[in-house]
Amino acid sequence: MSDKVKLALVGAGGMANSVHYPSLAVFDDVEIVGLCDLVPDKLQATAEKFKIEKTYSDYKTMIEETAPDGVYVLMPPHHLFDIAHHVLSNGINLFLEKPPGVTADQTRHLAHTAETNGCVSLVGFNRRYIPLMQQCKNMVLDHGGPVIQAMSSFYKWHAAGPYYNGAIDILSCDAVHAVDTLRYIGGDVAKVVGDVSNQGLHFGTRFNALVEFEGGGSGILMTNWRVGGRIHQFEMHGEGISAYVNPNTRAEVYVDGADKPKRITAQKAAGGSDENRVYYGFEGENRAFVDAIKTGQQPETCLPDAVKTMELVDRIYHNTL
Ligand SMILES: NC(=O)c1ccc[n+]([C@@H]2O[C@H](COP(=O)([O-])OP(=O)(O)OC[C@H]3O[C@@H](n4cnc5c(N)ncnc54)[C@H](O)[C@@H]3O)[C@@H](O)[C@H]2O)c1
């Protein structure tokens, strides 16, 4: 590998332009060798914005001509499998947005292909890279670990149906962030009982669960896509310590019965940055992918780990009250 990590990018859409490519643009150890999209206007506009010389409409041609160390595949879950599989089959490292496919089966097969071909992979479960989440989890573990109780909630008002005209259900596509973060806080899950409801509609809108972590702690998932608005909050409890975290704004941490909590803002935890792509974990996950390519070590949210999150989604559906 040359001094710089060579990255080729598939997708010139919303997430690519708003958080991922702006993050790559600030890394001086990265060279973007090509960009691919099917829509010419988006391709050109994104290439100009990030000063990418080589543009393509066919990802196979781009990969062959640019010989990248890693490929980004940033598109809706029902369009990514063929591209991701091609990248991994050619022994190239892969960054995927979440969810990593439409089903746990697809994710398992991608993880298997990555392992067979010796690739590192990163799935964009960005909540794990939010500096405020990391700081609070470390405080809980340092003071009173292991985590003995956890709560992960995600609420939205979602007037539309399941995502992408019904290509994927709400829990697998978006509420999966809360499922993955519950695992991040409490660890792998030994037992689960789910509560799933469609609230009178033709698709699932409410997904709750009670879990027992392998370490013995207890966790609660609370999500609903037909309520007042977007609220995404977490609780992390250890012996003598409790962190209540809203990663968009701030956390309050109570220690040993003290009346007043320690308050930490999301921006302060991110070194004072008020850029969403920094304090909301996007820069961190991109940094983790580039570092993983350089070291050959799998990052925390690699495909094999993402399989466990997608399998927990299945278990929530299958082990209902
Ligand atoms: N982590 C988060 O908080 C978060 C937030 C929003 C979305 N997402 C995820 O990000 C993913 C991407 O969402 P988005 O809103 O950026 O998508 P988008 O639709 O804006 O962009 C996808 C792009 O891929 C291109 N494309 C599709 N098929 C292609 C192909 N075969 N070859 C080349 N280009 C192709 C499209 O033309 C489009 O420009 C989704 O899976 C979504 O779940 C994550």
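A polar side-chain atom of Glu 97 lies 3.4 Å from a nitrogen atom of the ligand, where a polar contact denotes a pair of N or O atoms within 3.5 Å. The model is predicted: local features need pLDDT of at least 70 and side-chain atom pairs count only at pLDDT 80 or more, while totals for chains, interfaces and linings use all residues. Residues are numbered from 1 along each chain as its sequence is written, and side-chain values use heavy atoms, with hydrogens and water left out.

- The side chain of Asp 37 places an N or O atom 2.6 Å from an oxygen atom of the ligand.

**The shell around the ligand**
- There are 25 residues around the ligand, and Gly 14, Met 15, Asp 37, Lys 42 and Lys 98 come nearest; a residue is near if one of its heavy atoms lies within 4 Å.
- The shell comprises 14 nonpolar, six polar and five charged residues, with Asp, Glu, Lys and Arg counted as charged and Gly among the polar residues.

**Domains**
- The protein is divided into domain 1 (5–126) and domain 2 (127–273 + 301–318), with bounds from an automatic or database domain assignment.
- The C-alpha centres of domain 1 and domain 2 lie 27 Å apart.
- Their contact (heavy atoms within 4.5 Å) takes 24 residues from domain 1 and 23 residues from domain 2.
- Because both domains give residues to the shell around the ligand, the ligand lies between them.

Definitions and conventions
Polar contact = N/O pair within 3.5 Å; in protein donor to acceptor, adjacent residues only side chain to side chain.
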